[in-house]
Amino acid sequence: MSKGLVQILKKSSTLMIARIIGGGMAFAVNIMIARWFGADALGEFALCMAVASLIAVLLPAGMQAVAVMFVSQYKAKKQFGLIRGYVRAGYSHIAAMSLIGGGLLAIAVVGLSDHLHTRITLISTFAFLIAPALALINFNCGALTGLKQQQLGLLPDLLVKPGLMFVAIAALGLIAGGATMPVIMITICACMWLTALGQLLLMLRYVRLTDAAVDDSGKPAWRKVSLPWIAITLMWDYFIELHLILAGLLMAPGQIGLLHICFRLRVLAAFGIRALYSLVMPDIYAAEAKGDQAGLERAIAKANFLAVGYSLGVCGALLVLGELILALVNESFRTGYLMLLLICASMIPRAVFGPTTAVMSMKGLQVPVVWILAAGIILSLLLCLALFPIYGVSAIAIAYLVSTTFITGVQWWWSRYKTGIDCAIFAPASWLFVRRQLATSFARA
């Protein structure tokens with residue numbers, strides 16, 4: 001095995017261990033809410049976090065989604081002024097959009113107070129309070145990853161945020177003896193903002209290490225690339241949140257709580273892929289910036305090799321332990337075992353077809369990505385409506401698996417057709433990479 005691959009595995013193992021610990025605490029938060037405050041409270045918590053996550057995508061105007069690409073390219077070319085300009089522009093967008101969104105919400109709540117349900121007002125208010133903190137965390141994570149400071153970018157989100165939430169909810173349950181839903185959400189909001197502000201200090205300290213003057217000349221390129229990513233991120237990275245909101249229109253809070261747990265386990269399991277990609281994607285973007293086609297193919301193959309192996313391992317583990325994990329939350333959640341397997345199986349096609357979304361964006365094909373994702377969402381919506389009367393809550397899982405497979409497959413085909421780059425694990429470059437790794441391993445053995 002090559003030294004570069006070994007180094008990636010070492011770094012990713014650190015992030016995965018952090019994710020396991022942090023994910024365990026985050027999962028424990030869901031268990032505590034379900035057991036101490038009820039399944040309905042868990043459902044409302046899930047809806048609030050889903051809405052906050054979607055709002056957080058809008059605040060940076062898509063700049064968080066392409067931060068890795070721009071920052072890693074500027075770093076490769078030693079254009080540190082552009083890095084500072086990009087970071088400042090991202091913060092400006094978050095601040096301005098937060099003020100506008102907060103003002104519109106206040107007007108809506110005051111003007112429609114007699115017509116809005118208390119539950120809707122509560123969820124909307126706390127979602128808007130949490131969203132700017134999530135936006136800061138996501139933006140700083142992308143920028144620090146582009147600077148190859150993945151641990152500074154990811155560890156606050158992986159360990160600090162769930163750790164604070166775990167301690168706070170445990171205190172409410174054990175010390176305070178319980179809490180109402182507003183108190184729970186105020187506590188979660190405080191944990192989010194403490195994490196965001198701490199990470200912000202780290203980011204500002206790192207960026208100020210360079211003496212380069214702020215350069216805003218890249219604004220036209222930033223806007224052109226980032227704006228389509230608002231739709232891409234909403235429809236792809238937050239595909240789960242869209243399904244939870246859809247479930248909120250069809251199901252009772254208790255059913256939403258079960259679906260939320262299955263999706264949280266999917267997010268926890270898939271973070272391994274995210275950690276691997278966070279270590280490889282800067283190399284992909286840097287190779288593109290330098291015009292290194294061979295290096296680009298090697299980096300994509302490396303990402304595929306690691307992601308597919310990880311996905312298969314995780315799905316195999318859930319096949320054995322999935323029912324037991326669900327029972328830890330609530331004994332009645334055992335009925336969601338098949339749903340959990342369907343949802344988590346979606347990792348496999350996404351890993352098999354490779355980082356097609358990132359490659360298409362890198363080549364300026366953001367608009368086709370939007371159309372493909374929109375088609376996938378429509379497909380999922382139609383499947384949910386058609387299957388819900390037959391399969392109930394499992395219809396959401398079936399629709400999620402089919403639509404994500406459709407999206408990844410079509411993106412792979414379109415990317416290969418338009419760019420000539422085959423991102424899939426079965427591409428010739430990927431097989432060549434695997435053969436070389438095996439040859440190296442045998443030679444060392």
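**Close-up 1. His-243 is a buried residue of helix H9.** His-243 has a relative accessible area of 3% and counts as buried. Buried means under 20% relative accessible area, exposed means over 50%, and partly exposed lies in between (1.4 Å probe, protein chains only). Helix H9, which holds His-243, spans residues 239-250. Helices here are DSSP runs (H or I, at least four residues), numbered from the N terminus. The C-alpha atoms of His-243 and Ile-377 are separated by 9.3 Å. Along the chain, His-243 and Ile-377 are 134 residues apart.

This is a predicted model, in which local features need pLDDT of at least 70, side-chain atom pairs count only at pLDDT 80 or more, and totals for chains, interfaces and linings use all residues. Residues are numbered from 1 along each chain as its sequence is written, and side-chain values use heavy atoms, with hydrogens and water left out.

Close-up 2. Ala-351 belongs to helix H13 (residues 347-353). Its relative accessible area is 1%, so Ala-351 is buried. The C-alpha atoms of Ala-351 and Ala-424 are separated by 8.1 Å. In the chain, Ala-351 and Ala-424 are 73 residues apart. Ala-270 sits in helix H10 (residues 253-290). With a relative accessible area of 14%, Ala-270 is buried.

Close-up 3. A salt bridge is a side-chain nitrogen of Lys or Arg within 4 Å of a carboxyl oxygen of Asp or Glu. By this rule the model has 2 salt bridges. Helix H6 covers residues 150-174, and Lys-161 and Asp-157 are 4 residues apart in it, so about one helical turn separates them. Lys-161 is buried at 15% relative accessibility. Asp-157 is buried too, with a relative accessible area of 10%.

**Close-up 4. Arg-334 and Glu-323 form a salt bridge between a loop and a helix.** The side chains of Arg-334 and Glu-323 meet at 3.4 Å, N to O. This pair links distant parts of the chain, 11 residues apart. Arg-334 is in the loop between helix H11 (293-329) and helix H12 (337-344), whereas Glu-323 is in helix H11. Arg-334 is partly exposed, at 33% relative accessibility. Glu-323 is partly exposed at 35%.

Close-up 5. The axes of H15 (residues 366-391) and H16 (residues 394-419) come within 8 Å and cross at roughly 155°. Axes are lines fitted to C-alpha atoms, for helices over the stretch in contact, and angles run from 0 to 180 degrees between N-to-C directions. H15 and H16 are therefore roughly antiparallel. Angles under 35 degrees count as roughly parallel, over 145 as roughly antiparallel, 65 to 115 as roughly perpendicular and the rest as oblique. The crossing of H15 and H16 is right-handed. A crossing is left-handed if the near helix is turned anticlockwise from the far one by less than a right angle, and right-handed if clockwise. H12 and H16 pack at about 15°, with their axes 8 Å apart. H12 is thus roughly parallel to H16. Their crossing is left-handed.

Close-up 6. Most residues other than glycine have a negative phi. Ala-61 is not a glycine, yet its phi is about 60°. The loop between helix H2 (39-58) and helix H3 (67-76) holds Ala-61. At 9% relative accessibility, Ala-61 is buried. Lys-78 has a positive phi near 60°. Its place is the loop between H3 and H4. Lys-78 is exposed, with a relative accessible area of 64%.

**Close-up 7. A nonpolar surface patch includes Met-97.** Leu-58, Met-97, Ile-100, Leu-104 and Ile-107 make this patch of about 490 Å². Patches are made of residues with over 30% relative accessible area and no salt bridge; nonpolar side chains (Val, Leu, Ile, Met, Phe, Trp, Tyr) are joined within 5 Å, like charges within 9 Å. Accessible areas come from the Shrake-Rupley method with a 1.4 Å probe; for residues, only the protein chains shown count as cover. Helix H4 (residues 80-111) gives the largest share, 4 residues. Met-97 lies in helix H4. Its relative accessible area is 35%, so Met-97 is partly exposed.

Technical notes:
Helices (H or I, at least four residues) and strands (E, at least two) are DSSP runs, numbered from the N terminus.
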